[in-house]
Amino acid sequence: MRISIEGFLWVCLPIICNALFTMVIFGVPDFLRAHVWASYFAAVCLITASAAGLIGLVKHQIEARHALISLGLMAAILITAFAAIHNAHDYASGAANNFGDSLYFSIVTWTTLGYGDFQPDPQLRLLAAVQAVLGYIYLGAGVGLIGALIIQSESQ
């Protein structure tokens, strides 16, 4: 099954937009630190583009294996972007702030493990909660796509 140009734009353009937006976030940590609203605005832009990508996957009935790859790319970009946002702010626990810790915190939040060794800046708690909800959505979509791949391979 070939993907149409419209389907390609619905799925790939959000991935590209989020990747570019993540690079911008990495470039302006001081601005994000000074203006908490900018962190939330960045998150809204990321989520909007991701929602468009998810809608594109459903609307254009993208083949399961291609959809799984797209979903994985979107998830990796979002986790990295949220890590960049968290890296621009200090942690409530007073831990040293470096990108490795921020990426770790972002993955733990995305997967909703919640070890508790890092806590977000109190002003970013809502952002961390939204990230956890996104993790649930992406996990559910990923499990569904893996199930579709298994059913598809058994029917052949």
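This tour moves through a predicted model, one selection at a time.

Before starting, note that residues are numbered from 1 along each chain as its sequence is written, and that side-chain values use heavy atoms, with hydrogens and water left out. Because the model is predicted, local features need a pLDDT of at least 70 and side-chain atom pairs count only at pLDDT 80 or more, while totals for chains, interfaces and linings use all residues.

**The nonpolar core**

Begin by selecting Ile25, Leu57, Trp110 and Tyr138, which touch the most other members of the largest nonpolar core, a group of 30 residues. A nonpolar core is a set of buried Ala, Val, Leu, Ile, Met, Phe, Trp, Tyr and Cys residues joined through side-chain atoms within 4.5 Å; buried means under 20% relative accessible area, exposed means over 50%, and partly exposed lies in between (1.4 Å probe, protein chains only). Next, colour helix H1 (5-27), helix H3 (36-59), helix H4 (64-87) and helix H6 (125-155), each of which supplies at least two residues of this core. H4 gives the most to this core, with twelve residues. Helices are DSSP runs (H or I, at least four residues), as strands are (E, at least two), and they are numbered from the N terminus.

Now stay with leucine 57 and show what surrounds it: apart from residues up to four places away in sequence, leucine 57 touches Val11, Ile62, Ala67, Ser70, Leu71 and Met74, where contact means heavy atoms within 4.5 Å.

**Along helix H3**

Select serine 39, which is found in helix H3 and counts as buried, at 0% relative accessibility. When neighbours within four places in sequence are set aside, serine 39 is in contact with Leu32, Ile85, His89 and Leu124. Alanine 51 also lies in helix H3, but alanine 51 counts as partly exposed, at 33% relative accessibility. If you draw a distance from alanine 51 to valine 11, the C-alpha atoms are 9.9 Å apart in space, although the two are 40 residues apart in sequence.

**The annotated spans**

The unreviewed UniProt entry carries the annotation "transmembrane region" for residues 7-28, 34-55, 67-85 and 126-151; its positions are given in the numbering used here, feature names are shortened, and annotations may be inferred rather than shown by experiment. Select 67-85 and you will find a span that is 100% helix and 0% strand, with its end C-alpha atoms 27 Å apart. Residues 126-151 are likewise 100% helix and 0% strand, and there the end C-alpha atoms are 38 Å apart.

**Two salt bridges**

The structure holds two salt bridges, each being a side-chain nitrogen of Lys or Arg within 4 Å of a carboxyl oxygen of Asp or Glu. For one of them, select aspartate 30 and arginine 33, whose closest N and O atoms are 2.8 Å apart. Both residues lie in helix H2 (residues 29-34), three residues apart, which is about one turn of the helix. Aspartate 30 is exposed, with a relative accessible area of 55%, whereas arginine 33 counts as partly exposed at 40%. Then select glutamate 63 and arginine 65, whose side chains meet in a salt bridge at 2.9 Å, N to O; arginine 65 counts as partly exposed, at 46% relative accessibility.

**A last stop**

Finish at alanine 148, which lies in helix H6 and is partly exposed, with a relative accessible area of 32%. From alanine 148 back to aspartate 30, 118 residues away along the chain, the C-alpha atoms are separated by 44 Å.
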